[in-house]
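Colleague: I'd like to learn how to read a two-chain model. Could you walk me through one?

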Amino acid sequence: MNRIKKSNFQDKKDRFVPYIMSGDPSYDAAIDIALELQNAGVDALEWGVPFSDPLADGPVIQAAGDRSRNAGGSLTSALKGIKEARTRGLELPVVLFTYVNPVLSYGIENVVSAMREADIDGILIPDLPFEESEELRELCGKEDISVISLIAPSSKHRMEKISRLGDGFLYYVTSLGVTGTRQSFSDDLAASIETLKTTATVPVLAGFGISTREHVQHFQSIADGVIVGSALVKFIGERNLLLQEEETKQKALEEIKEFVQELIS
Amino acid sequence: MKPLLKFCGMMNEKDYKKAVASNTDLIGFIFAPSKRQVDPGEVGQWATETPASPHQKLVGVFVNETVEKIARVVQDAKIDIVQCHGNESVEEIRTVKSFTGVDVYKTIHHNDRALEEMKKYSSVVDGYLIDTKTANAWGGSGIAFDWEAIPSYTKEAARQGVPCLIAGGVKLDNIQALLKYNPLGIDLSSGIETNGEKDERKMSGMTKAVNETYQQPDHLGRFGPFGGKYVPETLMYALEELEKAYEEVKHDENFSAELLREMKEYSGRPTALTKAERLSNHYGGATIYLKREDLNHTGAHKINNALAQGLLAIKMGKKQIIAETGAGQHGVASATVAARFGLSCKVFMGAEDMRRQELNVFRMRLLGAEVIEVHSGGKTLKDATNEAIRHWVANVHDTFYLIGSVVGPHPYPMMVRDFQSVIGEETKSQLAERIGRLPDEVVACVGGGSNAMGMFYPFINDDVALTGVEAAGKGTDTSEHAATLTKGRKGVLHGSLSYLLQDEHGNIIEPYSISAGLDYPGIGPEHAHLRDTGRVKYEAVTDSEAMAALEDLCKLEGILPAIETAHALAYVRKQAPKMNKDDVLLVCLSGRGDKDVHTIQEVLGGDKE
């Protein structure tokens with residue numbers, strides 16, 4: 001059973017899952033950050049793959065992807081990075097977050113077997129709606145890799161269909177638009193998430209725009225956990241240079257840990 | 001989608017076996033007084049001895065029969081579908097359904113009240129058959145009714161979510177004409193008989209005609225393996241909503257009439273078909289004809305699609321339209337339509353393109369549109385499209401995304417193709433009038449590919465060579481080109497699977513072409529399919545070849561084409577001399593070159609006075 005399906009994750013309360021971009025600011029630094037997040041007490045990790053045209057993401061994550069690509073980041077190095085992080089003691093459930101084109105370019109079968117080899121637990125492809133995901137589901141099913149689905153407030157009649165396919169957890173998109181920090185959220189979300197939870201057989205995690213401690217608490221109270229991406233990626237981006245210098249790296253990692261612990265607390 | 005095929009009126013075991021072997025979807029038997037009436041017990045025996053394929057269904061045809069008798073026949077003859085061919089009421093149909101437990105189709109006789117009739121049976125019957133009725137017989141008279149009415153029947157059936165078969169007078173020599181009306185199903189009886197017997201050759205001819213007719217995309221928006229909907233979940237509902245709205249207007253006469261009026265009275269359609277005599281003589285081969293899309297309002301074919309989508313936006317109750325633009329042509333067309341229809345309009349444009357196409361930016365603003373500068377990525381068309389999609393995701397409830405080419409997620413590639421098909425349709429009838437025949441070869445330039453698709457699609461089932469011309473920029477052996485089909489790999493960009501210019505890691509590569517309208521790293525998914533199936537040939541020509549052809553057309557015909565269009569002309573320059581004087585080479589002159597004067601001057605300026 002992969003780590004997402006195990007009771008550690010399935011039965012946990014108030015799950016907190018951060019997203020970081022692999023290769024940002026460098027291959028090694030991103031692995032350091034992943035391990036630091038584990039120390040900070042997060043419940044799983046979303047590991048982003050850089051792509052030239054990240055449609056579902058806002059400027060913060062696109063910029064992180066560009067930094068990663070400039071530093072040599074790719075799907076290949078993202079897979080390698082987790083493999084290395086595992087040997088360095090990463091125990092968290094890991095979800096590979098990638099757009100579909102890098103996967104097609106690499107070959108779906110190749111990606112799935114490389115994920116198995118790197119001991120990655122799940123995959124989330126934001127531009128692969130469930131209608132197009134049959135082949136991926138089949139291949140991942142054989143390797144015990146969870147295919148995480150997105151559900152949006154606009155999913156309407158699709159919600160039930162998608163929730164029945166829920167694998168590992170469901171990623172509830174808290175606001176229309178792209179990833180990125182937001183001031184406020186629609187009031188209808190609580191009811192919508194509540195409805196979803198009645199048909200879902202796996203935890204429902206809320207993400208997109210969650211950036212403050214108040215947001216985290218609010219969504220942990222209505223969903224089964226939260227995902228925080230842009231706010232953290234921005235914080236990391238601001239420590240870009242510090243993270244790449246041997247003398248300042250530890251301090252920057254410490255700050256990232258504090259930032260996350262502040263969100264969780 | 002492929003129409004459902006029904007072979008009806010099997011009179012003996014031999015007929016029945018032929019129908020099973022023909023692979024038709026439905027096999028029909030008449031259980032009412034008729035020259036083709038058969039015995040239920042015998043049909044049951046045939047079906048036991050020669051079982052139909054799993055996808056084939058047996059249909060029993062009844063006329064005002066009692067429910068008890070129908071139930072007995074269903075059992076004896078092993079019938080899967082009951083077809084009520086008489087005056088059966090809604091209540092009677094309901095009883096037949098519950099009594100027999102099988103699907104029931106209702107025959108509707110074509111007349112002025114037929115549509116009203118169909119509505120009455122809504123959510124009761126499982127399918128329709130539209131037939132002619134003559135004074136002497138109930139249907140089956142073998143007379144074709146006015147096929148112009150098919151779309152309205154199809155629309156009503158589609159609304160009810162059931163099939164609708166067209167019957168009466170369908171023969172091998174008119175099936176192609178019928179298929180043009182995109183019927184959901186076809187019912188054949190005398191059309192597959194010779195001397196009162198079912199004819200195997202006619203049967204296979206019919207199956208072949210139906211199977212070989214180009215019917216793309218499928219219901220998932222796939223052209224072969226290409227196309228589809230690769231978008232975030234946040235957009236799926238909007239696409240479904242659009243698909244539904246498009247299906248509705250497609251069969252809506254009022255919509256078509258309104259669109260036709262706008263095209264005629266506002267945009268100036270039909271556009272001229274010009275015989276390029278001096279150009280033909282100069283190249284010394286084929287006789288060249290030019291379809292003058294440059295004569296459209298705003299100077300290119302883009303307005304055809306923009307008008308249609310604008311009307312659709314209004315129909316869907318959307319108040320805002322957004323569009324992406326590279327060179328600014330689609331942006332100008334969208335801004336124009338928004339002004340015409342009183343919609344608000346945002347045009348997303350890469351900062352780099354805005355710098356290069358300053359004049360078009362000014363034009364769009366003058367037309368009242370807001371031009372939004374895009375700073376992500378390479379700051380060109382690809383990035384403008386990303387930004388437009390992102391904006392759409394966030395404002396999906398009141399915003400209509402007016403995509404300018406046959407790209408993007410389903411239904412856009414199909415919808416834009418259909419809206420641009422006016423180009424090919426018009427050309428076809430103009431040629432019929434002028435020379436009384438089809439052209440030998442049709443040529444169009446391809447970036448995303450909308451003028452080419454609009455021109456090619458009406459010729460796709462004809463014996464006509466089709467050639468798309470891509471931009472080879474500084475050469476396909478350099479890194480500076482936009483030859484997606486020649487050099488790309490399969491991949492997903494902006495919501496559909498097609499060929500793409502991409503690096504080893506699947507990141508999209510910025511294309512290059514002297515023409516701003518052709519430098520897109522992808523291509524419409526249908527072009528990818530037509531290339532792989534070999535139906536359309538794709539060639540690439542360089543910047544300098546295009547510029548040389550542009551000069552030829554200016555000097556010999558007094559027409560300044562857009563640089564995009566000049567790519568198609570560059571192919572003509574090479575191809576025409578290889579053809580005969582009697583051969584007709586047709587070119588889609590997609591746009592005028594006034595917008596390019598600055599670039600042309602820069603390139604050619606040095607050699608000229």
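**Reading the fold and the contact**

Modeller: Happy to, and keep in mind that this is a predicted model. Let's begin with chain B, whose secondary structure amounts to 24 helices and 24 strands.

Colleague: How is the radius of gyration of chain B to be read against the globule rule?

Modeller: Chain B has a radius of gyration of 27 Å, close to the 25 Å that the rule gives for 609 residues, so chain B is as compact as a globular protein of that length. Its C-alpha trace spans about 90 × 55 × 50 Å along the principal axes.

Colleague: What percentage of the residues of chain B count as buried?

Modeller: Of its 609 residues, 62% do, with under 20% relative accessible area as the cut-off.

Colleague: Now the interface. How much area do chain A and chain B bury between them?

Modeller: About 2800 Å², with 53% of it on carbon and sulfur atoms. On the chain A side, A:D53, A:L55 and A:E132 lose the most area to chain B, together 22% of what that side buries. The contact involves 36 residues from chain A and 34 residues from chain B.

Colleague: How many salt bridges are there between chain A and chain B?

Modeller: Four. In one of them A:D53 pairs with B:K382, and their closest N and O atoms are 2.8 Å apart.

Colleague: Which element gives the largest share of the side of chain A that touches chain B?

Modeller: That is α5(A), with five residues. By class, this side of chain A has 18 nonpolar, ten polar and eight charged residues.

Note on methods
Residues are numbered from 1 along each chain as its sequence is written. Chains are lettered from A and ligands numbered from 1 in the order in which they are written. This is a predicted model: local features need pLDDT of at least 70, side-chain atom pairs count only at pLDDT 80 or more; totals for chains, interfaces and linings use all residues. Side-chain values use heavy atoms; hydrogens and water are left out. Contact means heavy atoms within 4.5 Å. Buried area is the accessible area (1.4 Å probe) that two parts lose on being put together, summed over both. A salt bridge is a side-chain nitrogen of Lys or Arg within 4 Å of a carboxyl oxygen of Asp or Glu. Helices (H or I, at least four residues) and strands (E, at least two) are DSSP runs, numbered from the N terminus. Ala, Val, Leu, Ile, Met, Phe, Trp, Tyr, Cys and Pro count as nonpolar, Asp, Glu, Lys and Arg as charged, and the others, Gly among them, as polar. The radius of gyration is taken over C-alpha atoms; the globule rule is 2.2 Å times the number of residues to the power 0.38. Buried means under 20% relative accessible area, exposed over 50%, partly exposed in between (1.4 Å probe, protein chains only).
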